[in-house]
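Have a look at the fold first, then read on.

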Amino acid sequence: MKISTKGQYAVRLMVDIAKSDKMLSLNSIAKNQDISIKYLEQIVAMLVKGKLLESSRGHLGGYKLTKSPDSISIKDILEITGDTCSLAPCVNGNCERSNKCYAMSVWNNLGVLIDDYLNKISLQDLIDQKPLANA
């Protein structure tokens, strides 16, 4: 499984928004996260469409979460950006050899483990932990 930059940036910007007690503008998120506004616009549009963010226009406008940080999982965010836990094409049923494949159960089980893990981690969990020193 490889997480796309959209997925990585979506998690970062969601944490940034979750930590704020007010609406955040794209400009402030771009500065805080060192991400281009153009790219953020695409990601934010996905998150608004996925109902994890809401936007408000105007002088005091910006973005805020639609739910509390403890009810949004990392899996929720990654699914909206198109990042899934499918480790191999055969897991989705796109394999002619599925009835004779000895490895399919490994890919299925690993996908379930990753899925469960990402589903257990909330934005609040990320906020509550200290950033890694070398990250």
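**Notes on the model**

1. Searching the whole structure turns up 1 aromatic pair (ring centres of Phe, Tyr or the six-membered ring of Trp within 6.5 Å; planes under 30 degrees apart are stacked, over 60 edge-to-face, the rest tilted). The partners are Tyr9 and Tyr39, edge-to-face, with 5.6 Å between centres and 85 degrees between planes. Tyr9 sits in helix 1 and Tyr39 in helix 3, so the pair ties together parts 30 residues apart in sequence. Tyr9 is partly exposed at 21% relative accessible area, and Tyr39 is partly exposed too, at 23% (buried is under 20% relative accessible area, exposed over 50%, partly exposed in between, using a 1.4 Å probe and protein chains only).

2. Before going further, the ground rules: this is a predicted model, where local features need pLDDT of at least 70 and side-chain atom pairs count only at pLDDT 80 or more, while totals for chains, interfaces and linings use all residues. Residues are numbered from 1 along each chain as its sequence is written, and side-chain values use heavy atoms, with hydrogens and water left out.

3. On the overall layout, the chain has 6 helices and 2 strands (DSSP runs numbered from the N terminus: H or I of at least four residues for helices, E of at least two for strands). From the N terminus the order is α-α-α-β-β-α-α-α. Of the 135 residues, 32% count as buried. Among contacts with a separation of 6 or more, 68% join residues 24 or more positions apart (contact means heavy atoms within 4.5 Å).

4. Which residues have the most contacts inside the largest nonpolar core? They are Leu13, Met14, Leu47, Leu53 and Ile77, in a core of 27 residues (buried Ala, Val, Leu, Ile, Met, Phe, Trp, Tyr and Cys joined through side-chain atoms within 4.5 Å). Helix 1, helix 2, helix 3 (37-49), strand 2 (62-65) and helix 4 (74-80) each put in at least two residues, with the largest share, 7 residues, coming from helix 1. Leaving out residues up to four places away in sequence, Met14 touches Leu47, Leu52, Leu53, Leu65, Ile72, Ile77 and Leu123.

5. Now the helix 1 and helix 2 packing. The axes of helix 1 (residues 5-19) and helix 2 (residues 26-33) come within 10 Å and cross at roughly 115 degrees (axes are lines fitted to C-alpha atoms over the stretch in contact, with angles from 0 to 180 degrees between N-to-C directions). Arg12, Leu13, Asp16 and Ile17 of helix 1 meet Ile29, Asn32 and Gln33 of helix 2.

6. Ile80, in helix 4, is partly exposed, with 22% relative accessible area. Setting aside neighbours within four places in sequence, Ile80 contacts Met46, Leu47, Gly50 and Leu52. Ile80 and Lys49 are 31 residues apart in sequence but 8.7 Å apart in space, C-alpha to C-alpha.

7. Two backbone spots to check. Most residues other than glycine have a negative phi. Asp34, not a glycine, has a positive phi of about 55 degrees; Asp34 lies in the loop between helix 2 and helix 3 and is exposed at 70% relative accessible area. Lys51, also not a glycine, has a positive phi of about 65 degrees. Lys51 is in the loop between helix 3 and strand 1 (53-56) and is exposed, at 62%.
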